[in-house]
Amino acid sequence: MASLEMTKKFKRKDPEAYQKLVKRLFCNNLEANFEESDFFFELERSRKDCTGCLTGVKRAKSEDSLLITESQISGVYQLLEYLGLDRNVREEGIFRKSGSLKKQQDLMERIDKGEEISLVDREFSIHECASVLKTFLGNLPEPLVTNSCFQAHFQVALLHDKCSSQEDNSAVVEKQIICTQLLLEIIPEQYCKLLKELLFLLHSVWQREEENKMSSTNLGMIFCTHILCPKSMSPEELQSKLDYLTKATTFLIENPATLFTLPEKLLAEVQSFLFRRSSEGCISLSKRCSEGGPGVECLIASTVFTFIQNEEDTADEQTEENVENEPNAVCDQLESTIKSQLNLNIEIMN
């Protein structure tokens, strides 16, 4: 199996192990004082405003109202598709102007309720659609990269501070690309798809900068609070980090096609990891077992015997009854673990 297919299958079949591998590889590539435990952001008080354009629209405050439902996702993708039309990405100030607040509220309510939306008939202006998109993103429970990845993205943005020459800058950009590619791999699928569609839209807007007057930096400043910033970040902290957050978001906007591909380092590491975890002998044992032959049982019997023998050497006072009962429990546990692990590896690698 090609390493790309193997990596995708590994991510789908064993997501916990995959995320651990990606985080470890990210820390190694960042070459900074950053550990896997830093993939965490402690929630404090929430910001009062979502920084979208509908600050006057009242929203329900229950946690359920902030979850992304299928109907909401459908409406938001309609917005993204409509805004991505060639004539619309050329609109001057597409994400800077707001339009009618009343119409924005009406459109937002339709999206929340999952009602049918027709945008091509121009009932809502381009600016009203763009404003509703920003408000929707601002009301999500977490930024699109998620709270847990915020500190990691911020550390990637700090890499440019270490540049001292053009050669160093090229190396830093390469490191930024690899690190960001890895971080995008640990975002929940629903958020990752939405982020990808959003970044390609913003990239298209940036490509028409001469007509719409929206630079990548303008877009980065507008969307950094929706893409990167935890909702709990205080206005003071946001202001102090705004320059780095804008640069980090601008980087995402300018490079979506590259960032949403898998780095060669990850493909190689996954392949190496899977082969280390599954020796040919273990795979053969599992295959023989699945065909009804003496496969895993032989390994289990040997392992249990060794375990019991070691226990007898170190626990002379253990009663005969306990010795008789423990092997059965150990055998059951080992059989379940070994079969599960080996069959999972076969499924991924075949």
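Please keep in mind that the model is predicted.

I'll start with the largest nonpolar core. It holds 57 residues, and the members that touch the most others are Phe 95, Leu 133 and Ile 227. Several helices give two or more residues to this core: H3 (70–83), H5 (101–113), H6 (126–138), H7 (150–157), H8 (166–184), H9, H11 and H12 (235–254). The biggest share comes from H9, which gives 9 residues. As general background, nonpolar side chains in soluble globular proteins tend to be buried together.

Take Leu 133 as an example. Leaving out residues up to four places away in sequence, Leu 133 touches Val 76, Leu 79, Leu 80, Leu 83, Phe 95, Leu 198 and Leu 201. There is also another core, apart from the largest one, with 28 residues, including Phe 26, Cys 179, Leu 262 and Leu 274.

Now the helix pairs. H9 covers residues 189–207 and H11 covers residues 216–227; their axes come within 10 Å and cross at roughly 160°. Angles over 145 degrees count as roughly antiparallel, so that is the term for H9 and H11. Their crossing is right-handed. On the H9 side the contact uses Leu 195, Leu 198, Leu 199, Leu 202, Val 205 and Trp 206, and on the H11 side Ser 216, Leu 219, Phe 223 and Ile 227. By class, that is 9 nonpolar residues, 1 polar and no charged.

H11 also packs against H6. Here the angle is about 35° and the axes are 8 Å apart. The crossing of H6 and H11 is left-handed. H6 brings Lys 134, Leu 137 and Gly 138 to the contact, while H11 brings Ile 222, Phe 223 and His 226. The classes come out as 3 nonpolar, 2 polar and 1 charged. Note that Phe 223 of H11 is listed in the contact with H9 and in the contact with H6.

The last pair is H7 and H12. How are these two arranged? Their axes lie 9 Å apart, at an angle of about 90°, which means H7 is roughly perpendicular to H12. Phe 150, Phe 154 and Ala 157 of H7 meet Lys 241, Tyr 244, Leu 245 and Ala 248 of H12. This contact has 6 nonpolar residues, no polar and 1 charged.

Definitions and conventions. Residues are numbered from 1 along each chain as its sequence is written. This is a predicted model: local features need pLDDT of at least 70, side-chain atom pairs count only at pLDDT 80 or more; totals for chains, interfaces and linings use all residues. Side-chain values use heavy atoms; hydrogens and water are left out. Axes are lines fitted to C-alpha atoms, for helices over the stretch in contact, and angles run from 0 to 180 degrees between N-to-C directions. Helices (H or I, at least four residues) and strands (E, at least two) are DSSP runs, numbered from the N terminus. Angles under 35 degrees count as roughly parallel, over 145 as roughly antiparallel, 65 to 115 as roughly perpendicular and the rest as oblique. A crossing is left-handed if the near helix is turned anticlockwise from the far one by less than a right angle, and right-handed if clockwise. Contact means heavy atoms within 4.5 Å. Ala, Val, Leu, Ile, Met, Phe, Trp, Tyr, Cys and Pro count as nonpolar, Asp, Glu, Lys and Arg as charged, and the others, Gly among them, as polar. A nonpolar core is a set of buried Ala, Val, Leu, Ile, Met, Phe, Trp, Tyr and Cys residues joined through side-chain atoms within 4.5 Å. Buried means under 20% relative accessible area, exposed over 50%, partly exposed in between (1.4 Å probe, protein chains only).
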